[in-house]
Amino acid sequence: MTDTPVIGVLALQGDVREHLVALAAAGAAARPVRRPEELDDIDGLVVPGGESTTISKLAVLFGLLAPLRARVRDGLPVYGTCAGMILLADKILDPRSGQETIGGIDMIVRRNAFGRQNESFESAVDVKGIGGDPVEGVFIRAPWVESVGAAVDVLAEHEGHIVAVRQGDVLATSFHPELTGDHRVHALFVDMVRAKQAPRSL
Amino acid sequence: MSSTPPSTPKTAEDTAVGTARVKRGMAEQLKGGVIMDVVTPEQAKIAEDAGAVAVMALERVPADIRKDGGVARMSDPDMIEGIIEAVSIPVMAKSRIGHFVEAQVLQSLGVDYIDESEVLTPADEVNHSDKFAFTTPFVCGATNLGEALRRIAEGAAMIRSKGEAGTGNVVEAVRHLRQIKNEIARLRGFDNNELYAAAKDLRAPYELVKEVAELGKLPVVLFSAGGVATPADAALMRQLGAEGVFVGSGIFKSGDPAKRAAAIVKATTFYDDPKIVADASRNLGEAMVGINCDTLPESERYANRGW
């Protein structure tokens with residue numbers, strides 16, 4: 001029996017509440033984090049959907065970017081959706097001037113790759129490692145992954161474009177499982193956090 | 001155009017655009033953020049650099065619409081396209097209430113959200129536009145819960161308080177937000193028998209009233225708009241329960257727009273931390289000159305437009 005993992009949701013801007021609900025449903029103790037010191041007490045972190053430029057600016061402004069990078073480098077499990085995926089990319093294909101990322105996945109992402117809001121769509125997505133029915137993919141002005149490095153595991157594609165990836169303890173999806181009520185992707189992430197916790201509780 | 005909202009596809013071969021989840025979900029991504037009125041591509045860039053989550057493209061900010069008078073309409077498509085080109089954040093634009101052709105034009109331009117707005121002169125004094133007929137999602141203003149639910153019943157995917165745009169006076173936004181929150185809280189205490197009468201009183205569909213009673217919130221994102229001029233105003237609206245704020249004239253009618261815009265963004269994120277709101281409030285230069293709402297004649301109160 002492991003302790004209930006504590007998972008933070010980066011709460012600078014975006015659909016924080018939906019991630020808190022999904023994480024709690026998947027068995028984690030979920031809490032919003034907005035300050036550098038709040039990063040100390042978490043076993044995992046979700047970077048939510050939102051506006052990647054806004055979240056990136058606020059992270060720099062409030063001194064979160066450097067500690068976030070350090071924690072991710074030290075192996076903190078992180079899951080990013082949509083804007084969160086962009087923030088976890090080592091490289092953005094078309095960054096706005098000064099747009100910084102946390103990094104963690106050796107990939108290049110293209111922002112708003114699927115188009116503007118009128119092109120936002122829903123489609124079923126088969127995600128490697130998630131059994132049963134396909135996941136309901138909600139894609140909102142969504143990015144896709146242009147290319148990945150050798151260490152990155154591609155978990156899902158939509159019409160030939162990479163939309164879910166994992167590298168070690170870092171997970172990212174172009175779509176928003178937090179908007180669907182299907183918590184299997186969050187459960188996968190909670191399992192990743194638990195696996196990381198296990199050695200410590202031995 | 002059909003008025004039946006598309007539903008969720010079941011296989012990877014099917015994709016569906018314009019679903020309720022995609023429309024409402026878009027607004028969920030804006031939460032905790034500031035949406036700023038801009039009238040030029042240059043202003044849009046200033047807003048984006050300051051951390052705005054979206055911009056509202058319009059020809060004149062509400063304060064100037066007030067000053068100039070006359071009929072206020074949808075903006076020039078060239079101007080809207082110029083703003084779409086200038087920034088990577090979502091771009092919203094306003095149609096007149098009930099002017100579904102202006103809304104069709106905005107959709108064809110590729111705006112990300114349409115604001116069916118009382119700030120423009122209404123085109124129809126009975127009907128709002130059928131918002132299910134569009135792929136582009138809509139945000140609408142409301143002064144109370146019944147009005148919010150009528151707009152949602154017509155397909156609105158996001159609600160904002162009306163406030164009193166172009167006044168720099170937050171009093172009406174506070175009134176509307178408190179009204180909506182209080183009416184939701186009251187519904188929470190009702191049993192099933194009472195919800196039917198409540199729906200009648202609210203002049204809103206029973207199913208939506210029941211959903212709100214169960215959720216304890218609107219089924220869509222609720223922002224504040226109409227009169228926010230300072231970081232403290234934005235934080236106030238957040239503490240009162242707004243999930244984000246629209247700032248209209250407050251930024252580009254002030255002395256130092258870039259600085260004020262960034263300050264309002266900070267205060268919106270850390271709305272519950274008075275130290276950060278205090279820091280954000282320092283040295284911002286002149287705020288827009290405000291208007292006392294109780295000296296506004298009824299005919300100049302935009303919040304009375306829409307029903």
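Predicted model: local features only at pLDDT ≥ 70, side-chain atom pairs only at ≥ 80, totals over all residues.

**Binding-site residues and their surroundings**

Modeller: Start with B:Gly166. Its relative accessibility is 9%, so B:Gly166 counts as buried, the cut-off being under 20%. In chain B, the loop that holds B:Gly166 runs between strand S7 (158-161) and helix H7 (171-188). Leaving aside residues up to four places away in sequence, B:Gly166 touches B:Pro62, B:Ala63, B:Arg66, B:Ser249, B:Met288 and B:Ile291.

B:Ser249 is also part of the annotation. The unreviewed UniProt entry lists B:Asp37, B:Gly166, B:Gly227, B:Gly248 and B:Ser249 under "binding site". These residues span 213 residues in sequence, yet no two of their C-alpha atoms are more than 12.2 Å apart, so they gather at one spot. The lining of the largest cavity includes B:Asp37, B:Gly166, B:Gly227, B:Gly248 and B:Ser249.

Next, B:Gly227. This glycine is buried, with a relative accessible area of 10%. Its loop in chain B lies between strand S8 (221-223) and helix H10 (231-239). Beyond four places in sequence, the contacts of B:Gly227 are B:Glu164, B:Thr167, B:Gly168, B:Asn169, B:Val170 and B:Asp233.

The largest nonpolar core has 104 residues, and B:Ile159, B:Leu218 and B:Met237 touch the most other members. H7(B) gives the most to this core, with six residues. B:Leu218 has contacts, again beyond four places in sequence, with B:Leu145, B:Ala148, B:Leu149, B:Ile152, B:Ile159, B:Ile184 and B:Val212.

Now chain A. Here the "binding site" annotation, from an unreviewed UniProt entry, covers A:Gly50, A:Glu51, A:Ser52, A:Arg111, A:Ile140 and A:Arg141. They are spread over 92 residues of sequence but cluster in space, with a largest C-alpha distance of 12.7 Å. The lining of the second largest cavity includes A:Gly50, A:Glu51, A:Ser52, A:Arg111, A:Ile140 and A:Arg141.

A:Gly50 is buried at 9% relative accessible area. It sits in the chain A loop between strand S3 (44-47) and helix H2 (52-61). Among the residues that A:Gly50 touches, beyond four places in sequence, are A:Gln13, A:Gly14 and B:Gln29. A:Ile140 is buried too, at 3%. With the sequence neighbours up to four places away set aside, A:Ile140 touches residues including A:Cys82, A:His176, B:Arg21, B:Val22, B:Gly25, B:Met26 and B:Gln29.

Note on methods
Residues numbered from 1 in each chain as written. Chains lettered and ligands numbered in written order. Heavy atoms only, no water. UniProt positions renumbered as here; feature names shortened; annotations may be inferred. 1 Å grid on protein atoms, 1.4 Å probe; cavity = no way out; pocket = protein on both sides within 12 Å on 5 of 7 lines; lining within 4 Å. Helix = DSSP H or I, 4+ residues; strand = E, 2+ residues; numbered from the N terminus. Buried < 20%, exposed > 50% of the residue type's maximum accessible area, 1.4 Å probe, protein only. Contact = heavy atoms within 4.5 Å. Core = buried A, V, L, I, M, F, W, Y, C linked by side-chain atoms within 4.5 Å.
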